[in-house]
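The exercises below are to be worked with the sequence and the 3D structure at hand. Each task is followed by a solution in steps.

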Amino acid sequence: MASERRLTATDRRRLIVRAASELFIVRGYSGVSMDDVLAAVGGSKGTLYRYFCDKSALFRAAVESLCDEWSGPLHAFSPGGESLPATLTALGEHFASVVLNPQAIALHRLVTAEAGRIPGIGDAFFEHGPAAGYAVLGRCLRQARDDGLIKVEDPARAAAQLYQAMLGDAQMRLLTDAPRKLTEAEVRASIREAVRVFLHGVGVPRAD
């Protein structure tokens, strides 16, 4: 890292995590060593180990960083004045663009493979990944409930259920490399149908 002395500690850490993230996605956890990361970013071993005591700590930071980066646009989602079905459908399409892309699928597979060997990595992935999406969707459902549009006891639980209904099939096919993946049109149709079924089940009847 030729300009190492000019970088702040935060900048140095970010560069290390970024390089490690790219290596883990391409090579997997076992295919990456701390020396590989050092070769990618330059600098000294002392600098690398000052931030991360071992590869598992670096892997956790990489997982959290990637999930935060990909879920960032979700937190900026604004439903505007759209109808509730349109808002939920737009959110579902937002989720699809994040969780169904090849890098996200690769990371999901990688975390699943290593979850039994690296304590806490599954929790880190869930909290920075799926839970972030559930929270955004949950806030939308809570607002709809408060506005009298739907009736749900637990918006957070309902959000997780709707999320899985919208994307579970498409995501599982990709994670398991099923022979047939859903097309973009089929994913959009799945999202619309999940929203329709969800709202039909929780909609508040209104008198004509």
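**Exercise 1.** Which residues of helix 1 are buried?

Solution. The model is predicted, so local features need pLDDT of at least 70 and side-chain atom pairs count only at pLDDT 80 or more, while totals for chains, interfaces and linings use all residues. Residues are numbered from 1 along each chain as its sequence is written, and side-chain values use heavy atoms, with hydrogens and water left out.

Step 1: locate the element. Helices are DSSP runs of H or I with at least four residues, strands are runs of E with at least two, and both are numbered from the N terminus. Helix 1 covers residues 9-27.

Step 2: apply the cut-offs. Buried means under 20% relative accessible area, exposed over 50%, and partly exposed in between, with a 1.4 Å probe and protein chains only. The buried residues of helix 1 are Arg12, Ile16, Val17, Ala19, Ala20, Ser21, Leu23, Phe24 and Ile25.

Step 3: find the cover. Contact means heavy atoms within 4.5 Å. The elements covering these buried residues include helix 2, helix 3 (45-51), helix 4 and helix 6.

Step 4: look at Arg12. Arg12 counts as buried because its relative accessibility is 13%. Its side chain makes a polar contact with the side chain of Tyr51, at 3.1 Å. A polar contact is a pair of N or O atoms within 3.5 Å; within protein, one must be able to donate a hydrogen and the other to accept it, and residues adjacent in sequence count only if both atoms are side-chain atoms.

**Exercise 2.** How do helix 4 and helix 6 pack, and which residues make the contact?

Solution. Step 1: the axes of helix 4 (residues 55-75) and helix 6 (residues 102-114) are 12 Å apart, at an angle of about 145 degrees. Axes are lines fitted to C-alpha atoms, for helices over the stretch in contact, and angles run from 0 to 180 degrees between N-to-C directions.

Step 1: the crossing of helix 4 and helix 6 is left-handed; that is, the near helix is turned anticlockwise from the far one by less than a right angle, whereas clockwise would be right-handed.

Step 2: helix 4 contributes Phe59, Val63, Leu66, Cys67 and Trp70, and helix 6 contributes Gln103, Ala104, Leu107, Leu110, Val111 and Glu114.

Step 3: the contact residues divide into nine nonpolar, one polar and one charged. Here Ala, Val, Leu, Ile, Met, Phe, Trp, Tyr, Cys and Pro count as nonpolar, Asp, Glu, Lys and Arg as charged, and the others, Gly among them, as polar.

**Exercise 3.** Is Ala40 buried, exposed or partly exposed, and what does Ala40 touch?

Solution. Step 1: Ala40 lies in helix 2 (residues 34-41) and is partly exposed, because its relative accessibility is 49%.

Step 1: not counting residues up to four places away in sequence, Ala40 touches Ala19 and Leu23. Both Ala19 and Leu23 are among the buried residues of helix 1.

**Exercise 4.** How many helices and strands does the protein chain have?

Solution. The chain has ten helices and zero strands. Of its 208 residues, 43% count as buried.
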